[in-house]
Amino acid sequence: MNYSYDNGFCSGDTSIFVRADTAPVVSFIHTLSYRQDVFCLGDEPAVLRPIPNQPGGVFALNDIPLIDTIFDPDIIGAGEYVVRYTYVEPATTCEGSYEDTFYVYGTPDVSYRTVGGCQQDSIRFIPTTAGLNNFFRGRLVDSITSIQWVLAPSVVLQGTSDSNRVDSIRYLYSAPGVYNTQLIVANQIHCIDTHDLRLVISPDVNTYPYVEDFESSAGDWFAESRTVDHPLLWEWGTDNNNAGIRPGANNNVWATGLDTAYQTSADAWVYSPCFDMSNLSRPMISLDYWSHTRSRVDGALLEYQRDD
């Protein structure tokens, strides 16, 4: 660099040498490949990695230096965070930096129960929603962006919500059977939770006398367990007991395990059809059964529920 001066009487010049070095170009990534810049509470911690991988740089979170290179959503909490990486080239003392904004939202915790179980009934699905009340700097950061009710293989309904609580719905099943239903809720598009529920829809019976021997089919009776996490206990099929309930018949029955014994503390149900007894003056039930259980410890109950 050269500087010259001339005022008409005197003149002079001077020179100085200046070296311009290039500032380092840096960036960073993190190890959660299925995330970009949106995280959910409950995600595993992400390791921040500078690019190029040069030691000596410093990460900062909202201008606060990080002790290590871990971004843990559960420790940091819901909110918006500017993550900056700064690196100083030792040989030139030139500084380069890169920043990105990370968003952390709550993961929904959803479940639901149903009311009703008869064909042509309007089945009510009653959800419970939690985990979506996270604030950052006085502002609610959670917002349900998608609700899907999967009620049958070809039936998917879009749900609604109010104040981050999923609204209940009703649905009428025209055919009896077992339906594997599911609720899918997304918070801010990326944070998703699902809940599954096995739903039994029993057929309506209003013609009497009703007779079912279970020889040719399960009779539109359906096994059910306490939750989807528990195995079904009741089975329909051929009884392997030599004596049988009715020797000489096919011995197709409903049993608590056709070839196995029931487990300790097991409980489960078999749902019958829904009987319309409004026109019967004195309804009565008779049935054949065979029992081999621990006396005064195990057994079975015949229960009923009114539609009111």
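**Strand pairing, disulfides and salt bridges**

Reader: In which sense do strand S6 (residues 58-61) and strand S9 (residues 79-88) pair?
Author: Strands here are DSSP runs of E of at least two residues, numbered from the N terminus. Two strands pair if DSSP finds at least two bridges between them. S6 and S9 have four bridges, and their sense is antiparallel.

Reader: What kind of model is this?
Author: Residues are numbered from 1 along each chain as its sequence is written, and side-chain values use heavy atoms, with hydrogens and water left out. Local features need pLDDT of at least 70, side-chain atom pairs count only at pLDDT 80 or more, and totals for chains, interfaces and linings use all residues, since the model is predicted.

Reader: Which residue in S9 does Ala60 stand opposite?
Author: Ala60 faces across to S9. S9 pairs with S6 there, over residues 58-61 of S6. The residue opposite is Arg84.

Reader: Which residue does Asp63 meet in a salt bridge at 2.7 Å, N to O?
Author: A salt bridge needs a side-chain nitrogen of Lys or Arg within 4 Å of a carboxyl oxygen of Asp or Glu. Asp63 lies in the loop between S6 and S7 and its partner in strand S9, so the pair ties together parts 21 residues apart in sequence. The partner is Arg84.

Reader: Is Asp63 buried or exposed?
Author: Buried means under 20% relative accessible area, exposed over 50%, partly exposed in between (1.4 Å probe, protein chains only). Arg84, at 24%, counts as partly exposed. Asp63 reaches 59% relative accessibility, so it counts as exposed.

Reader: Which residue is linked with Asp63 and Arg84 in a network of salt bridges?
Author: The structure holds six salt bridges. Asp63 and Arg84 make one of them. The network also takes in Glu99.

Reader: How far apart are the closest N and O atoms of Arg35 and Asp43?
Author: Both Arg35 and Asp43 are buried. They form a salt bridge. The distance is 2.9 Å.

Reader: What is the relative accessible area of Asp298?
Author: Asp298 forms a salt bridge with Arg294, the closest N and O atoms being 3.1 Å apart. Arg294 counts as partly exposed at 48% relative accessibility. Asp298 is also partly exposed, and its value is 24%.

Reader: Which residue does a disulfide join to Cys40?
Author: A disulfide is a pair of cysteine sulfur atoms within 2.5 Å. Here the S to S distance is 2.0 Å. Cys40 sits in strand S4 (residues 38-40) and its partner in strand S21 (residues 191-201), 151 residues apart. Both are buried, and the partner is Cys191.

Reader: Is the disulfide of Cys40 and Cys191 left-handed or right-handed?
Author: Handedness follows from the torsion about the S-S bond. That torsion is about -95 degrees, so the disulfide is left-handed.

Reader: How many residues apart are Cys118 and Cys274?
Author: A disulfide joins them (S to S 2.0 Å). Cys118 is in the loop between strand S11 (109-115) and strand S12 (122-130), and Cys274 is in strand S27 (residues 274-275). Both are buried. The separation is 156 residues.

Reader: What pattern do the disulfides of the chain follow?
Author: The structure holds two disulfides. Bonded cysteines are counted along the chain. The pattern is 1-3, 2-4.
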